[in-house]
Amino acid sequence: IEDHYDECYVIGGWYGLFSYLLTQRGFTKKIKNLDLDPVCKEIGYDLLKNYSNISFKVEDGLTVFENEKTNNEHKIVVCTACEHIDQDELEFSLKMKNPNMLVCLQSNDFFDVDSHINCKESLSEFVKSLPLNEVLYAGEWPWKDEYNRFMVIGK
């Protein structure tokens, strides 16, 4: 996968945990964490300052889709928190992406959290809600007996 993609954006990168795990799995290209919370940038930088390929930026991560459409198709975009993003905004942003951009999107069915404004009842509902040309993977992972996490990888 790394041979085809030259950069990874992590929307809602929090403190860089996903970026760290991706690096530990051998991804050596640039990883940019985009988060609206400036504290995430500060803490993430402190935790991962020894990783020259990981950076942090305070920014609305959804803008990466429109900014990259004409720029470069060799990007991976990861968002592990689609449940925090308005459905119309998520759909609009995904429709703007380059058709060859690889996306990895996660959501859940944990409706009990106030900031979870876009949960889905099932994996199939999550897949149907995403305007992707191609779904390469769709899976579900139960978290204890509390809720299920959904993941979709596609273009």
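**Helix faces, cores and side-chain pairs**

The face of helix α4 that is turned away from its buried side carries the exposed residues Asp88, Phe92 and Lys95; here exposed stands for over 50% relative accessible area, buried for under 20%, and partly exposed for what falls in between, computed with a 1.4 Å probe on protein chains only. This is a predicted model, in which local features need a pLDDT of at least 70 and side-chain atom pairs count only at pLDDT 80 or more, while totals for chains, interfaces and linings use all residues. Residues are numbered from 1 along each chain as its sequence is written, and side-chain values use heavy atoms, with hydrogens and water left out. Helices (H or I, at least four residues) and strands (E, at least two) are DSSP runs numbered from the N terminus.

The buried residues of α4 are Gln87, Leu90, Ser93 and Leu94. They span an arc of only 135 degrees around the axis, which puts them on the same side of α4; the arc is taken over the directions from the helix axis to the C-beta atoms.

An α-helix has 3.6 residues a turn, so residues three or four places apart point the same way. At the start of α2, a side-chain oxygen of Asp37 comes to within 2.9 Å of the backbone nitrogen of Val39.

A nonpolar core is a set of buried Ala, Val, Leu, Ile, Met, Phe, Trp, Tyr and Cys residues joined through side-chain atoms within 4.5 Å. In the largest such core, which has 21 residues, Phe65, Val77, Leu105 and Leu130 touch the most other members. Two or more residues are given to this core by each of β1 (7-11), α3 (63-68), β4 (75-79), α4 (87-96), β5 (102-108), α5 (123-129) and β7 (147-154). A second, separate core of 13 residues includes Cys8, Ile54, Val78 and Leu102. Neighbours within four places in sequence aside, Val77 is in contact (heavy atoms within 4.5 Å) with Tyr9, Ile11, Val64, Phe65, Met101, Leu102, Val103 and Cys104.

Polar side chains are buried as well. Lys75, in strand β4, counts as buried at 6% relative accessibility, and a polar contact of 2.4 Å joins its side chain to that of Glu7. A polar contact is a pair of N or O atoms within 3.5 Å, of which, within protein, one must be able to donate a hydrogen and the other to accept it, and residues adjacent in sequence count only if both atoms are side-chain atoms. Gln106, in strand β5, is buried with a relative accessible area of 17%, and the side chains of Gln106 and Arg149 form a polar contact of 2.9 Å.

The structure holds four aromatic pairs, where rings of Phe, Tyr and Trp (its six-membered ring) pair if their centres lie within 6.5 Å, and planes under 30 degrees apart count as stacked, over 60 as edge-to-face and the rest as tilted. The rings of Tyr20 and Tyr51 have centres 5.8 Å apart and planes at 90 degrees, so this pair is edge-to-face. Tyr20 lies in helix α1 and Tyr51 in the loop between α2 and β3, so the pair ties together parts 31 residues apart in sequence. Phe110 and Tyr147, by contrast, form a stacked pair, with 4.7 Å from centre to centre and 25 degrees between the planes; Phe110 is in the loop between β5 and α5 and Tyr147 in strand β7, 37 residues apart.

Finally, the cysteines form zero disulfides, a disulfide being a pair of cysteine sulfur atoms within 2.5 Å. For Cys8, the nearest cysteine sulfur, that of Cys104, is 8.6 Å away. The sulfur of Cys82 is 4.0 Å from the closest cysteine sulfur, in Cys79, which is too far for a bond.
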